[in-house]
Every structure is written in C-alpha cells, then in structure tokens.
Amino acid sequence: MLRLVIQSRIPCRLSPRLPLCRHASTQRLSARKDWKLPVVGGVFIGLASLYFFLPDPSRSAPTSANKPLSASHFTPATVISNEISGPNSKILKLRVPPHLVIRDENDPIGFGPIWSVFIKDDDIQVERPYTPLESIDENGNMVFWIKRYPKGEVGRWLHSKQVGDTVELRGPLKTWPWDEDKWDEIVLISGGTGITPFYQLLRQVFDHSTSIPQSPSFTLIHSSRTPEEMPPEQILGPLAAYAEKYPNKFRLKLLVDTDDGSQPTTSLPLEVGRVNEQHIKNSLGFSEPTRWQKLFGRKDTCPPIPAKTLFLVCGPDQMVAAVSGPYGRNLSQGPTLGVLGRLGATSKQVWKL
C-alpha cells in the first residue's frame with residue numbers, strides 16, 4: 001500500500017514558551033495564510049486517494065460477446081466442467097464461441113506457446129492470468145488446472161463455478177516468445193501450478209511440431225509439496241509418454257518436498273527433496289567425480305554452462321527465489337541468483353515466468 005506523506009513547514013506558535021520549529025526564522029507566515037496550507041494539503045490528499053482507488057484500466061475493459069478474442073476486451077466463456085483433481089485443485093474447462101477464435105494460418109491449432117488469458121472475478125473486479133493446458137481447440141474449448149490458495153481470490157471464485165456459469169476472460173497474451181532455433185537445451189523448472197506453461201509448450205512441440213529432430217532437448221524438473229499435490233494424470237500422463245517416446249529429446253524429473261504418506265496422483269517415481277545444484281547438473285549431463293577421480297585430485301567443479309542453454313522457471317515465489325533469485329521490482333526479471341546463479345547461469349540464460 002502506498003502512503004502519501006505531506007510535510008508541513010508551518011511555524012509552531014502554540015506557546016511563547018516553546019522554541020520555534022526549524023525554518024521558523026525564515027518562514028514567518030501571517031495568520032491569514034496559515035489556514036490555507038492544511039486545506040490545500042487536504043484537497044491534494046483527496047485527489048491522490050481518488051487516483052489510487054480508480055479502477056484499473058484492464059479491469060474496466062468492456063465486455064463483448066460478438067468481437068473476436070482480444071486482450072483489449074473481455075469475452076464471456078461458459079463453464080463446461082469443473083472437476084476435482086486433487087486437494088484444493090480442479091480441472092476447469094471453458095468454452096468460447098468458436099467463431100470468435102481467429103487463428104493465424106501459420107498456427108492452425110491456437111496461438112503458439114506460451115500464452116495465457118486473464119480471468120476476472122466479477123464479484124470483486126480482480127483479474128489473474130491463467131495458462132490453458134492445451135491451447136484452444138476447434139470448438140473453442142480451453143482447459144485449466146486451477147489451484148485454490150488461502151489468499152487467491154480468483155482461484156477460490158473459479159472453484160465455486162458450476163456447469164453453465166459464465167466466466168469473463170481476455171486474451172491471448174504472450175507469456176514468453178518461443179523460438180525453437182535459438183536454443184540447444186531448455187531446462188524447465190516448475191513448482192505447483194507453474195507446470196502449466198511448460199505443459200503447453202511441450203504439448204506444442206511433441207504433438208504438433210513437424211521438426212522434432214531439429215528442436216532443442218528438454219528437461220522438466222517439477223516439484224510439489226506432497227505426493228497428493230502432484231499434477232493430475234491428465235498432465236503427467238502425456239509428459240511420461242513424451243519421455244518414453246523421445247528419450248533423447250525429453251527427460252522428466254518429479255520431486256516432492258516431503259513424503260507424508262498421502263496417495264500420489266501418479267505411479268511415476270518421486271524423489272523426496274527440493275531442486276538443488278545436482279538436479280541441474282544432471283539435467284545438463286554433468287557427472288559427479290568418482291571416488292578414484294577425487295582420490296587422484298579431480299575437484300568437483302561445474303564446467304561452464306553451454307551458451308545455448310536456457311532455464312525457464314515458474315512456480316511459487318519462494319521456489320523461484322531459491323532456484324533463480326527473486327523477481328525484481330514490479331515483477332521484472334531481477335538478477336540471476338540462487339542455485340542457477342551459483343552454477344554460473346547468466347541473466348540471458350534464465351527467464352522467470
């Protein structure tokens with residue numbers, strides 16, 4: 001919350017026994033002028049408060065049921081299904097009229113990775129970005145994995161939606177520019193629902209790309225708090241299939257902070273622990289020195305990270321900070337710190353979604 005502070009330099013003349021305030025000797029205002037400054041200050045504070053409490057331009061964007069999908073206005077979408085997928089999480093399917101989806105002839109399946117839409121909570125007029133899992137199909141359907149957090153107003157609101165309800169969204173908005181020719185290796189590090197933009201990207205590459213042999217190699221390292229909070233089979237199933245079908249192009253690593261004995265959402269192997277330096281090294285093919293190599297003097301030093309290696313990080317703020325350093329001011333990228341900083345990754349090789 002911003003606080004506006006106005007410092008008055010009016011001389012203190014409450015009592016002749018008290019010393020005058022600073023500047024009193026140089027700023028002697030008449031009694032007639034003294035009352036004007038508090039009044040002007042009050043008006044200024046009122047105008048400033050009005051400015052800060054005006055509706056955000058995006059939230060006050062118009063709603064249109066006839067114009068094509070756009071970031072400049074909200075489009076009504078119908079809830080098709082809203083099914084529980086785990087503790088505090090649901091798979092939400094929304095449909096917009098298919099004639100409102102204008103596709104590029106070079107991108108017939110949607111809008112390309114990675115993109116999102118803003119969904120507005122009509123009750124309190126707050127919007128938040130969400131990433132569709134599988135782009136948008138020919139019927140105008142979009143699928144989202146929505147988690148309900150204690151302080152997440154829009155997530156809680158979406159969890160309450162019933163089949164047939166209307167939800168307003170605006171977009172698409174590009175989250176990150178995808179260029180398959182720029183990188184040789186892409187390491188995706190996610191936590192919680194931060195896996196959704198990476199699922200969208202991998203879905204595009206392995207299901208709809210015509211140049212898989214030429215595309216970069218991917219490693220996805222995903223972390224959840226407990227086994228039952230892992231992404232649902234609807235997400236992990238296709239990812240496991242990609243890892244099996246394209247072993248030289250995609251590797252999948254699943255971690256949990258703690259094994260509390262809860263029922264996992266998947267039969268895939270889970271490792272207990274948080275993302276650390278060794279996970280990153282393994283994803284890049286850096287091997288640990290053997291006992292004999294250590295005995296004969298080899299030091300456990302990490303070789304330079306190849307220049308055409310990219311790290312994409314998405315998840316809770318604490319995880320992002322530990323892996324790549326916190327976001328900067330106003331959600332800017334900020335410096336590369338954390339695990340990736342210690343390994344020598346540069347700011348050009350790290351992107352925090």
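Trainee: Which residue in S4 does Asp121 stand opposite?

Mentor: Strands of a sheet pair through backbone hydrogen bonds, either parallel or antiparallel. Here Asp121 faces Val126 in S4. Strand S3 (residues 115-121) and S4 pair in the antiparallel sense, over five bridges. Strands are DSSP runs (E, at least two residues; helices are H or I, at least four), numbered from the N terminus, and two strands pair if DSSP finds at least two bridges between them. Before we go on: this is a predicted model, where local features need pLDDT of at least 70, side-chain atom pairs count only at pLDDT 80 or more, and totals for chains, interfaces and linings use all residues. Residues are numbered from 1 along each chain as its sequence is written, and side-chain values use heavy atoms, with hydrogens and water left out.

Trainee: In what order do the six strands of the open sheet run?

Mentor: Read S4-S3-S6-S1-S2-S5, with antiparallel pairing. S4 (126-130) and S5 (141-147) are at the edges with a single partner strand each, so one side of each has no neighbour in the sheet.

Trainee: What is the average pLDDT of the chain?

Mentor: pLDDT is the predictor's confidence in each residue, from 0 to 100. The chain averages 82, and 76% of the residues score at least 70. Over residues 1-41, though, pLDDT stays under 50.

Conventions. Contact means heavy atoms within 4.5 Å.
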